[in-house]
Amino acid sequence: MAKSDTFFSANKMFSISDERKKKLLSFCENLGIKFHDITLLDLALHHRSFSNESEEFRHYNNERLEFLGDSVLGMSTAAFLYEDMMKNPEGDLAKIKSAVVSEKALAPIAKTMKIDTFLVLGKGEEKTGGREKSAILADAFEAVVGAFYLDSGFEAAEQLVLRYIIPEIRNMQQNRGRKDYKTLLQELYQKICKECPIYELTKTDGPDHDRTFWVSVKLGEKIFGPCAGKNKKEAEQNAARQAYAMLAEQK
């Protein structure tokens, strides 16, 4: 068996089937990239829920590649912003960088790349809709970037990152004056009835390392949500987005 088709973990050999390899090659073809070592890409697409359910391959997951890819993503984005926004202060660059490398921005990119269809999840995570979870998708994108960096070097990985991140940066630059939805909702609601929205954390679920928060927002007698988020702040923003859209339409 060729070395490029295997992964060694804890003295065990993980082999990639011909069918899986064919799928991974089609993933690369769709993106216009090439992996010299396809096992790196395979590893990048294995979520920890898989390894948690396998004693034999308990280390076969994308967490280390995600860690690496996060740094490559950050450096590529920061370098581009530094050159692209020469007249802006550090604060402007930091704000845009934070937004475009966030889970909220990366998860849709992962979907665009069809990462969700190539993910390998544990049975439990699969049953609970793991393929649609923003955190899993964003982490997998970072892992793919990390894998591509190891396989083909920084320049190639940077080109892959910027292909998807530059449109996000341009969007932020064009809409940088836009306020967050909690602020928009409060301003609109106070204008209508001189009161403030009331947010309530209705529940949390999931394991400690991957919690999901659910928040509702109350406008008088009307309740919107609950809406989910990786943290309470994100959940509040999602609930505010829903309430603002409906309130603005009614107005």
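At which residue does α10 bend, and which proline follows within four residues? Helix α10 bends by about 35° at arginine 163, and proline 167 follows within four residues; the bend is the angle between axes fitted to the seven residues ending at a residue and the seven starting there. The model is predicted, so local features need pLDDT of at least 70 and side-chain atom pairs pLDDT 80 or more, while totals for chains, interfaces and linings use all residues. Residues are numbered from 1 along each chain as its sequence is written, and side-chain values use heavy atoms, without hydrogens and water.

**Helix α10**
- Helix α10 has 21 residues and reaches 29 Å from first to last C-alpha, close to the 30 Å expected at 1.5 Å a residue; the expected span is 1.5 Å times one less than the number of residues.
- Its buried residues (under 20% relative accessible area, 1.4 Å probe, protein chains only) include Leu160, Tyr164 and Ile165.
- Among the elements covering these buried residues are α1 (18-31) and α4.

**Helix α4**
- Helix α4 (residues 63-84) has 22 residues and spans 31 Å between its first and last C-alpha, close to the expected 32 Å.
- Leu65, Gly69 and Phe80 are among the buried residues of α4.
- The cover over the buried part of α4 includes α9 (134-152) and α10 (154-174).

**Aspartate 210**
- Aspartate 210 lies in the loop between β3 (198-205) and β4 (212-219).

Definitions and conventions: Helices (H or I, at least four residues) and strands (E, at least two) are DSSP runs, numbered from the N terminus. Buried means under 20% relative accessible area, exposed over 50%, partly exposed in between (1.4 Å probe, protein chains only). Contact means heavy atoms within 4.5 Å.
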